[in-house]
Amino acid sequence: MGVGIIFDLCSLQFKKRERLVLFLAITCFLTSWHFFLLNQETAGYMFGLAAIRHLVSLKWRSWKVGSFFITLSVISSILSYVSYVSILSCLGNLLMSLGSFAKKDKNLRVLLMSGSFAVSYTHLRAHETKANL
């Protein structure tokens, strides 16, 4: 997970949107793998989906495509709901979905940072949930 956090922090330093989004895709893939290892399926699915979403947003930034990923996020959260951690994961993914398809660079960065904060919080809550089992 440490490598994912480093990629996440580095990604927002890039000026070019393409490099930023590519690094976020890598971060989301690593985060997804981490959550599956913690048996937090919703978070794992959400961030696997986020990795794909970031890659798709490199080519297309249409709100129709963004809406498709938002719908998939909500459906996967409902189908794999386990605890409040599932809701936190969904929130982070929704913020990052909005950011991925934002037209303005400032909106992209603010929404992605907000989503990253939600992801970090989800990560902490998932560890607490795992420790309590």
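Predicted model: local features only at pLDDT ≥ 70, side-chain atom pairs only at ≥ 80, totals over all residues.

The axes of α3 and α5 cross at roughly 5 degrees and come within 9 Å. An angle under 35 degrees counts as roughly parallel, so α3 and α5 are roughly parallel to each other. On the α3 side, the contact is made by Thr42, Ala43, Met46, Phe47, Ala50, Arg53, His54 and Ser57. On the α5 side, the partners are Ser86, Ser89, Cys90, Asn93, Met96, Ser97 and Ser100. Sorted by class, the contact of α3 with α5 has 6 nonpolar, 8 polar and 1 charged residues.

**Bringing in α4**

Helix α4 covers residues 63–79, and α3 packs against α4 at an angle of about 170 degrees, with the axes 9 Å apart. That makes α3 roughly antiparallel to α4. From α3, the residues in this contact are Thr42, Met46, Leu49, Ile52, Arg53 and Val56. From α4, they are Val65, Phe69, Leu72, Ser73, Ser76 and Ser77. By class, the residues of the contact of α3 with α4 divide into 7 nonpolar, 4 polar and 1 charged.

How do α4 and α5 lie relative to each other, roughly parallel or roughly antiparallel? Their axes cross at roughly 175 degrees and come within 10 Å. Angles over 145 degrees count as roughly antiparallel, and α4 and α5 are therefore roughly antiparallel to each other. Here Trp63, Ile70, Ser73, Val74 and Ser77 in α4 meet Ser86, Cys90, Asn93, Leu94, Ser97 and Leu98 in α5. The residues of this contact of α4 with α5 divide into 6 nonpolar, 5 polar and no charged.

Here are the pairs side by side:

| Helix pair | Axis distance | Angle |
|---|---|---|
| α3 and α5 | within 9 Å | roughly 5 degrees |
| α3 and α4 | 9 Å | about 170 degrees |
| α4 and α5 | within 10 Å | roughly 175 degrees |

**The whole protein**

Now step back. The protein has 6 helices and 0 strands, and along the sequence the pattern reads α-α-α-α-α-α. Of the 133 residues, 44% are buried. Among contacts with a separation of 6 or more, 64% join residues 24 or more positions apart. The protein exposes about 7,400 Å², and carbon and sulfur atoms supply 70% of that area.

In soluble globular proteins, nonpolar side chains tend to be buried together. In this model, the largest nonpolar core has 17 residues, and Leu20, Phe47 and Leu112 touch the most other members. The elements giving two or more residues to this core are α2 (17–37), α3 (41–59), α5 (84–100) and α6 (105–132).

Is Ala102 buried or exposed? Its relative accessibility is 5%, so Ala102 counts as buried. Leaving aside neighbours within four places in sequence, Ala102 is in contact with Arg17, Arg61, Asn107 and Leu108. The C-alpha atoms of Ala102 and Gly66 are separated by 9.2 Å, although these residues are 36 residues apart along the chain.

Next, look for Arg109 in helix α6. Why does Arg109 count as buried? Its relative accessibility is 16%, and buried means under 20%. Arg109 and Arg17 are 92 residues apart along the chain, and their C-alpha atoms are separated by 9.6 Å.

Conventions
Residues numbered from 1 in each chain as written. Heavy atoms only, no water. Core = buried A, V, L, I, M, F, W, Y, C linked by side-chain atoms within 4.5 Å. Buried < 20%, exposed > 50% of the residue type's maximum accessible area, 1.4 Å probe, protein only. Helix = DSSP H or I, 4+ residues; strand = E, 2+ residues; numbered from the N terminus. Axes fitted to C-alpha atoms, helices over the stretch in contact; angles between N-to-C directions. Parallel < 35°, antiparallel > 145°, perpendicular 65-115°, else oblique. Contact = heavy atoms within 4.5 Å. Nonpolar A, V, L, I, M, F, W, Y, C, P; charged D, E, K, R; others polar. Areas by Shrake-Rupley, 256 points an atom, 1.4 Å probe, with all protein chains shown as cover.
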